[in-house]
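Me: I would like to learn how to read a few features of a protein model. Please take them one at a time.

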Amino acid sequence: MELPGEANVLASSEPTAWVDQYGDCLYRYALSRLRSAEAAEEVVQQTFLAGLEHFSQFSGQGSVRGWLFGILKRKIIDLVRQRNRTTDLTDDGDGDPLDQMFDRNGNWRQRVRSSLLQPLDPLEREEFWPILSQCLDGLPRNQADAFTFREMDEMGSEEICKELSITPSNLWVLLHRARIRLANCMKTRWNQEND
Amino acid sequence: MLSCKEISKLVSESLDHKLTLRQRMEMWMHLRMCRLCSAFRRDLLRLRNGMRQHGADVDAAETNPSETDAGEATAGETSAGEASARLSAEARQRIKRALSSTDR
């Protein structure tokens with residue numbers, strides 16, 4: 001089979017050259033989705049191994065980089081599926097977070113009212129992610145993962161349900177809990193940093 | 001009448017799927033009267049925009065570098081720590097070894 005130029009060089013020389021060329025960008029992408037250096041290294045390694053194994057299937061259409069990213073995205077979904085398989089989807093470990101926000105009658109609790117009225121809007125673009133990232137780390141992993149797929153990757157509800165083998169109502173509960181905690185957490189941290 | 005707790009759930013779900021006509025009416029009537037739930041909705045939209053923006057920044061910087069050559073600002077606007085993150089030397093070696101051992 002005739003391989004195109006770029007692919008030919010890589011296939012014939014050493015695939016370890018991939019690691020130097022694409023390792024960092026694959027890693028940064030994986031880290032933004034998985035928020036764990038260990039997990040990100042793991043999927044990057046799996047991506048290179050799968051890339052090597054299936055290199056004959058690379059059509060030569062598009063770049064090696066784009067092809068490797070395609071594999072990486074698949075590996076990230078697989079890892080998220082695996083790491084959430086053992087968790088009970090509705091178990092947060094520390095009770096229903098909504099109980100901390102609402103009283104028995106379903107009204108917003110007094111102590112969250114003032115922070116609720118304080119808008120998130122003035123948060124600058126460059127300070128948004130560092131704060132959100134810390135708050136995501138504080139969430140139960142299944143909530144953080146569902147939220148990341150939905151809001152960062154803009155995956156549809158149906159696709160996420162299929163990938164994570166959960167029902168739509170499970171997913172909506174996860175997302176609602178994630179959002180309400182994140183909004184609250186971000187304001188708390190932001191206020192701490194600006195005090 | 002739905003409580004704020006129930007309305008907050010509808011507000012969140014409205015970002016994920018189309019609510020029924022009845023749900024939409026309940027939600028919008030409540031939001032017109034309730035500053036707190038309106039503030040919650042505004043926060044969720046801000047959260048969504050910020051997250052999507054960040055996702056787009058990472059994608060632009062990492063998956064398609066040629067498009068960001070024109071402006072380094074794009075990559076620079078992602079969080080400093082993450083945008084400069086690199087595969088550690090140990091991980092790099094480990095991956096190379098794994099690749100070599102399966103190499104033909």
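Me: What should I know before starting?

Reply: This is a predicted model, in which local features need pLDDT of at least 70, side-chain atom pairs count only at pLDDT 80 or more, and totals for chains, interfaces and linings use all residues. Residues are numbered from 1 along each chain as its sequence is written, chains are lettered from A and ligands numbered from 1 in the order in which they are written, and side-chain values use heavy atoms, with hydrogens and water left out.

Me: How many helices and strands does chain B have?

Reply: Helices (H or I, at least four residues) and strands (E, at least two) are DSSP runs, numbered from the N terminus. Chain B has six helices and zero strands, in the order α-α-α-α-α-α from the N terminus.

Me: What percentage of the residues in chain B is buried?

Reply: Buried means under 20% relative accessible area, exposed over 50%, and partly exposed in between (1.4 Å probe, protein chains only). In chain B, 42% of the 104 residues are buried.

Me: How do α4(A) and α8(A) pack?

Reply: Axes are lines fitted to C-alpha atoms, for helices over the stretch in contact, and angles run from 0 to 180 degrees between N-to-C directions. Helix α4 (residues 64-85) and helix α8 (residues 141-152) of chain A pack at about 155°, their axes 10 Å apart. Angles under 35 degrees count as roughly parallel, over 145 as roughly antiparallel, 65 to 115 as roughly perpendicular and the rest as oblique. α4(A) and α8(A) are therefore roughly antiparallel.

Me: Which residues of α4(A) and α8(A) meet?

Reply: Contact means heavy atoms within 4.5 Å. From α4(A) come A:I77, A:V80, A:R83 and A:N84, which meet A:R141, A:N142, A:D145 and A:F149 of α8(A).

Me: Where do A:R35 and A:S165 lie, and is each buried or exposed?

Reply: A:R35 lies in the loop between α2 (16-34) and α3 (37-53) of chain A and is buried, with a relative accessible area of 17%. A:S165 lies in the loop between α9 (157-164) and α10 (168-194) of chain A and is exposed, with a relative accessible area of 60%.
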